[in-house]
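Let's take a friendly walk through some side-chain pairings. Have the model open beside you as you read.

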Amino acid sequence: MAYCVQACDGDGGSGTRKRSCAKSCPMMWPKRALGKTLLDGMDAAVAEGLLDKINDHYRFSHDRIQEAAYNLMNILDRCNYHFSYGMALAPLEDEEDNFIFTAVTQLNIAGPEAVEDKRQYAAVASVNLRAGKKAMEMSDFEAAYSYFDNGITFLRKKHWEEHYSLSLELFDLAAGCSLTNGDF
């Protein structure tokens, strides 16, 4: 996933917006928190031809450069970044599901190993459940099964005692999708 950084000065303050180039959810970061060094480094990358800068937006000049930069990251850092992005995008309420598929994909790429707080396991399983239900509404039962299955992987020991209704719904809907997909 490519990320753009946009330097913005307006609406009462300066900051740097970090967002997916696919225009997912913008997140504001203060420019001083990122430091001048980051922006200088990005300008140096533009000079080297690694990044393109268009109207204060930075993006990788080629997908292979993005892939190489991604592969240079430590695997644990990658998981943590995916989990952080997923949690930032994950809707807390049922009514705000605009980015649910993007959020859940990021969380599932990170996997259960990236969870830092025990309460997040059930929260991520619940978001997978909502994504699976939304996929079912769109008649995409293969994707729905994948979300339910990933939700199940986020359940911990004693999930039947602690999160019975969530567990039952994930397993029940996963079985239904599996049957619909002809995967007996």
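Which side chain does K133 meet in a salt bridge? The partner is E169, at 2.5 Å from N to O.

## Ground rules

This is a predicted model, where local features need pLDDT of at least 70 and side-chain atom pairs count only at pLDDT 80 or more, while totals for chains, interfaces and linings use all residues. Residues are numbered from 1 along each chain as its sequence is written, and side-chain values use heavy atoms, leaving out hydrogens and water.

## Salt bridges

A salt bridge here is a side-chain nitrogen of Lys or Arg within 4 Å of a carboxyl oxygen of Asp or Glu. By this rule there are five salt bridges. Helices (H or I, at least four residues) and strands (E, at least two) are DSSP runs numbered from the N terminus. K133 is partly exposed at 32% relative accessibility, and E169 is partly exposed at 29%. For these labels, buried means under 20% relative accessible area, exposed over 50%, and partly exposed in between (1.4 Å probe, protein chains only).

Another salt bridge joins D43 and K53 at 3.7 Å, N to O. D43 lies in helix α1 (residues 31-48) and K53 in strand β4 (residues 51-54), so this pair ties together parts 10 residues apart in sequence. D52 also forms a salt bridge, with R59, the closest N and O atoms being 3.8 Å apart.

## Aromatic pairs

Rings of Phe, Tyr and Trp (its six-membered ring) pair if their centres lie within 6.5 Å; planes under 30 degrees apart count as stacked, over 60 as edge-to-face and the rest as tilted. The whole structure holds four aromatic pairs. One of them is Y81 with Y85, stacked at 6.3 Å centre to centre with 20° between the planes. Both residues lie in helix α3 (residues 75-89), four residues apart, or about one turn of the helix. Y81 is partly exposed at 43% relative accessible area, whereas Y85 is buried at 13%.

F101 and Y147 are also stacked, at 5.6 Å centre to centre and 25° between the planes. F101 belongs to helix α4 (residues 100-110) and Y147 to helix α6 (residues 141-153), so the pair ties together parts that are 46 residues apart in sequence. F101 is partly exposed at 24% relative accessible area, and Y147 is buried at 12%. Elsewhere, W160, Y164 and F171 form one aromatic cluster.
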